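Q: I would like to go through this structure with you, one topic at a time. Could we start with the loops and work onwards from there?

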Amino acid sequence: MTSDIITTQVKTTAQLTTGKIIQKRMVLADVFKLSIEHSRISRISKPGQFVNIKLSDQLTPLLRRPFSITAVNAEAGWFEILFKVIGEGTRRLALLEPGEMINLIGPLGNSFWLSSQTKRALLVAGGLGVAPLAFLLQHLYQLKIKKTLFWGNQTKELFLAYPEIKHSCLELFYTTDDGSMGYHGLVTDLFAEVIPKFEHEAVQIFACGPNPMLQKIQQVATQNGIDCQLSLETLMGCGFGACMGCNVQSASGESYFYTCSDGPVFNAKDIKVDG
Ligand SMILES: Cc1cc2nc3c(=O)[nH]c(=O)nc-3n(C[C@H](O)[C@H](O)[C@H](O)COP(=O)(O)OP(=O)(O)OC[C@H]3O[C@@H](n4cnc5c(N)ncnc54)[C@H](O)[C@@H]3O)c2cc1C
Ligand code: FES
């Protein structure tokens with residue numbers, strides 16, 4: 001468990017390295033957790049940061065694939081990623097077994113940061129967007145602030161496959177698109193309904209999920225004048241600012257940020273989120 005608190009936004013220098021897979025768990029069909037031994041990454045990573053993994057020496061897939069760090073154990077020297085198989089890169093990742101080495105760059109990107117005024121953290125996750133937020137909860141666990149997680153999924157299976165999340169969170173709202181668990185509907189609908197309950201508290205919002213979800217959270221945060229950080233999952237190339245492949249438009253529309261090096265965590269008021 002980490003002990004330092006994220007009161008400022010952290011960025012680290014990109015380093016090419018290798019780590020050894022020490023555990024692989026299938027938490028759900030096509031959803032895996034990999035524990036990777038790497039003392040430096042487990043020691044210095046902050047919630048919101050990611051690793052960019054090389055998955056082939058061939059031409060396909062040519063580009064590395066980015067994955068959020070979802071947990072660390074600095075004492076034991078390992079960190080975890082949580083991923084779903086959706087294409088060639090993640091298919092290859094799912095074939096790796098404990099004992100194999102993995103080529104990665106990290107930790108990359110910036111981190112979430114917490115204001116000293118904050119008395120309650122509201123976390124909003126869409127599907128596997130829970131990955132960086134679970135790591136944030138690991139940090140927040142040691143703080144005397146209230147924590148509420150809103151987590152939406154299409155069906156109940158991912159909640160059941162990832163029970164650890166319950167242990168680090170005081171207040172938890174589940175939503176499912178099919179009504180199989182918790183609130184029946186979108187996580188953003190429940191969030192918009194519940195947000196007035198917190199209006200007299202010093203609150204910060206932290207969100208990660210699909211862009212339409214982030215757009216809605218951005219809107220709700222703006223309407224309620226609440227500080228809000230969004231973690232984006234833009235398609236990436238290099239992962240450290242060299243290829244210009246991960247643009248996100250500034251709120252004014254007059255300039256661009258790179259998700260990999262200016263983000264992936266952005267203050268919601270600074271950016272335009274594509275739908
Ligand atoms: C900062 C960051 C953190 C991420 N963290 C995680 C994580 O913790 N767990 C996880 O499972 N995934 C995460 N992702 C997404 C992950 O990198 C993609 O799932 C992965 O690149 C897909 O690779 P692939 O080769 O399997 O699929 P591809 O063959 O590259 O793509 C298959 C299909 O999925 C679409 N796709 C690929 N990546 C994305 C994306 N980022 N957003 C929307 N559509 C996409 C493609 O357009 C294509 O249609 C993260 C992405 C970023 C940028
Ligand atoms: S991925 Fe290359 S600049 Fe962001």
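Q: Where is Met244 found?
A: Met244 sits in the loop between β13 and β14. Helices (H or I, at least four residues) and strands (E, at least two) are DSSP runs, numbered from the N terminus. The model is a predicted one, in which local features need pLDDT of at least 70, side-chain atom pairs count only at pLDDT 80 or more, and totals for chains, interfaces and linings use all residues. Residues are numbered from 1 along each chain as its sequence is written, while chains are lettered from A and ligands numbered from 1 in the order in which they are written.

Q: Is Met244 buried or exposed?
A: Met244 counts as exposed, because it has 11 C-beta neighbours inside 10 Å. A residue is buried if 20 or more other C-beta atoms lie within 10 Å of its own, exposed if 12 or fewer, and partly exposed in between, with C-beta atoms placed from the backbone.

Q: What about the phi of Met244?
A: The phi of Met244 is positive, about 60 degrees, although Met244 is not a glycine. Asp30 is another residue other than glycine with a positive phi, near 70 degrees. Asp30 belongs to the loop between β1 and β2 (31-37), and it is partly exposed, with 13 other C-beta atoms within 10 Å.

Q: How many residues apart in sequence are Gly241 and Ser261?
A: They are 20 residues apart in sequence, and in space they are 5.4 Å apart, C-alpha to C-alpha. Gly241 is partly exposed, as 15 other C-beta atoms lie within 10 Å.

Q: New topic: which residues does a cis peptide bond join?
A: One such bond joins Gly106 and Pro107, with omega about -5 degrees; Pro107 lies in strand β7. The bond from Gly263 to Pro264 is also cis, with omega near 15 degrees, and Pro264 is in the loop between α7 (259-262) and β16 (265-267).

Q: Now the helices. What should α6 span?
A: Helix α6 (residues 211-224) has 14 residues, and at 1.5 Å a residue it should span 20 Å; its end C-alpha atoms are 20 Å apart, which agrees. The expected span of a helix is 1.5 Å times one less than its number of residues.

Q: Which residues of α6 are buried, and what covers them?
A: Met213, Leu214, Lys216, Ile217, Gln218 and Ala221 are buried in α6. Their cover includes β8 (120-126), α5 (187-194), β12 (203-208) and β13 (227-231). Just after α6, Gly225 has a positive phi of about 60 degrees.

Q: And which residues of α5 are buried?
A: In α5 they are Val187, Thr188 and Phe191. Seen down the axis of α5, these fall within an arc of 95 degrees, so they line one face of the helix. The arc is that of the directions from the helix axis to the C-beta atoms. The buried residues of α5 pack against β8, β9 (146-153), β10 (171-176) and α6.

Q: Why would residues line up like that?
A: An α-helix has 3.6 residues a turn, so residues three or four places apart point the same way.

Q: What about the buried residues of α2?
A: Gly89, Thr90 and Leu93 are buried in α2. They cover an arc of only 90 degrees around the axis, which puts them on the same side of α2. Their packing partners are β3, β4 and β6.

Q: Which residues come nearest to ligand 1?
A: Of the 22 residues around ligand 1, Phe83, Gly87, Gly89, Thr90 and Ala131 come nearest. Here a residue is near a molecule if its C-beta atom, placed from the backbone, lies within 6 Å of it. β4 (65-68), β6 (78-84) and α2 (88-95) are the elements that give two or more residues to this shell.

Q: Which domains does the shell draw on?
A: The shell around ligand 1 takes at least three residues from each of domain 1 (16-108) and domain 2 (120-270). Domain bounds come from an automatic or database domain assignment.

Terms used: Two residues are in contact if their C-beta atoms, placed from the backbone, lie within 7 Å.
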